[in-house]
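Please go through the points below with the model open beside them. They take the strand pairing, then the sheet and its helices, then the charged side chains.

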Amino acid sequence: MTRLLFILALLLLPPAASAQSRPAPLDAFVANVARLWSAGEAAELVELAPADGRILLALGNEEAGAVQERHVAAALRELFRDRETVSVRPTQVQLSGGTPLRGFGELAWVSRQRGVTRPVTSTVYVGAVYEGNAWRIRELRVLR
């Protein structure tokens, strides 16, 4: 009888209770970052920063450094102003594990310098951390 009551209790638990403990799919997050990157949406990308507002940023030849949201937004605006996007597509998504949960994605970014016809393909590395029930951008690197 006790076993039957236990099984009934499990069946009556709301499905949302188990769904809340699972993180949102990382591939959907990376696809959203790709969409925002393609549109040159610097402000929207920065809104995906973690609670501390710091993103490790390396947009080419400069050294990587953890910077605040406003600096990330300014650097991205300058990058998007200088380059015209041809296409952006996710090429890899990987969960890394840990606490908090981490993962990364890679985007193939085909762009060209404004006024130039020859496109260049770069890899955009997106480091992510699961924080506050959502994936957040912890790191952005443009690799050529």
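1. Q94 has F104 in β4 as its bridge partner. The pairing belongs to strand β3 (residues 83-97) and strand β4 (residues 102-113), which run antiparallel to each other over 12 bridges. Another position along these strands is G97, which stands opposite R102 in β4. Note that this is a predicted model, and the points that follow should be read with that in mind.

2. The hairpin of β3 and β4 has 4 residues between the strands. Within this hairpin, G98 takes a positive phi near 90°.

3. Neighbours within four places in sequence aside, F104 is in contact with L26, Q92, V93, Q94, S96, Y125, V126, G127 and A128. For one of these, V126, the C-alpha to C-alpha distance from F104 is 5.5 Å, although the two are 22 residues apart in sequence.

4. On to the next pair of strands. β4 also pairs with strand β5 (residues 120-131), again in the antiparallel sense, over 10 bridges. W109 has S122 in β5 as its bridge partner, and G103 stands opposite A128 in β5. These two strands form a hairpin with 6 residues between them. In its turn, G115 has a positive phi of about 90°.

5. How many strands does the open sheet have, and in what order do they come? There are 6 strands, ordered β2-β1-β6-β5-β4-β3, and the pairing is mixed. β2 (65-68) and β3 stand at the edges; each has a single partner strand, so one side of each is left without a neighbour in the sheet. From one strand to the next, the twist averages 30°.

6. Helix α5 (residues 69-82) lies across β1, β2, β3, β4 and β6, and runs at about 100° to β2.

7. Now the charged side chains. Side chains of opposite charge can pair when their charged atoms come close. The count of salt bridges in this model comes to 3, and each is taken in turn below.

8. D52 and R138 form a salt bridge through their side chains, at 3.3 Å from N to O. This pair links distant parts of the chain: D52 is in the loop between α4 (42-46) and β1 (54-58), R138 is in strand β6 (residues 134-143), and the two are 86 residues apart. D52 is partly exposed, with a relative accessible area of 42%. R138 is also partly exposed, at 21% relative accessibility.

9. E84 and R112 make another salt bridge, with their closest N and O atoms 3.5 Å apart. Here too the pair links distant parts of the chain, with E84 in strand β3 and R112 in strand β4, 28 residues apart. The relative accessible area of E84 is 32%, which makes it partly exposed. R112 is partly exposed as well, at 22%.

10. The side chains of E139 and R141 also meet in a salt bridge, at 2.3 Å from N to O. Is E139 buried or exposed? At 15% relative accessibility, E139 counts as buried.

11. R83 is a charged residue to check separately. R83 is found in strand β3, where the residue is buried yet has no salt bridge. Which side chain of opposite charge is nearest to R83? That side chain is D82, and it is 7.5 Å away. Leaving aside neighbours within four places in sequence, the contacts of R83 are W109, S111, R112, Q113, R114, V120 and R144.

Key:
Residues are numbered from 1 along each chain as its sequence is written. This is a predicted model: local features need pLDDT of at least 70, side-chain atom pairs count only at pLDDT 80 or more; totals for chains, interfaces and linings use all residues. Side-chain values use heavy atoms; hydrogens and water are left out. Two strands pair if DSSP finds at least two bridges between them. Buried means under 20% relative accessible area, exposed over 50%, partly exposed in between (1.4 Å probe, protein chains only). Lys and Arg count as positive and Asp and Glu as negative; His and the chain ends are not counted. A salt bridge is a side-chain nitrogen of Lys or Arg within 4 Å of a carboxyl oxygen of Asp or Glu. Contact means heavy atoms within 4.5 Å. Axes are lines fitted to C-alpha atoms, for helices over the stretch in contact, and angles run from 0 to 180 degrees between N-to-C directions.
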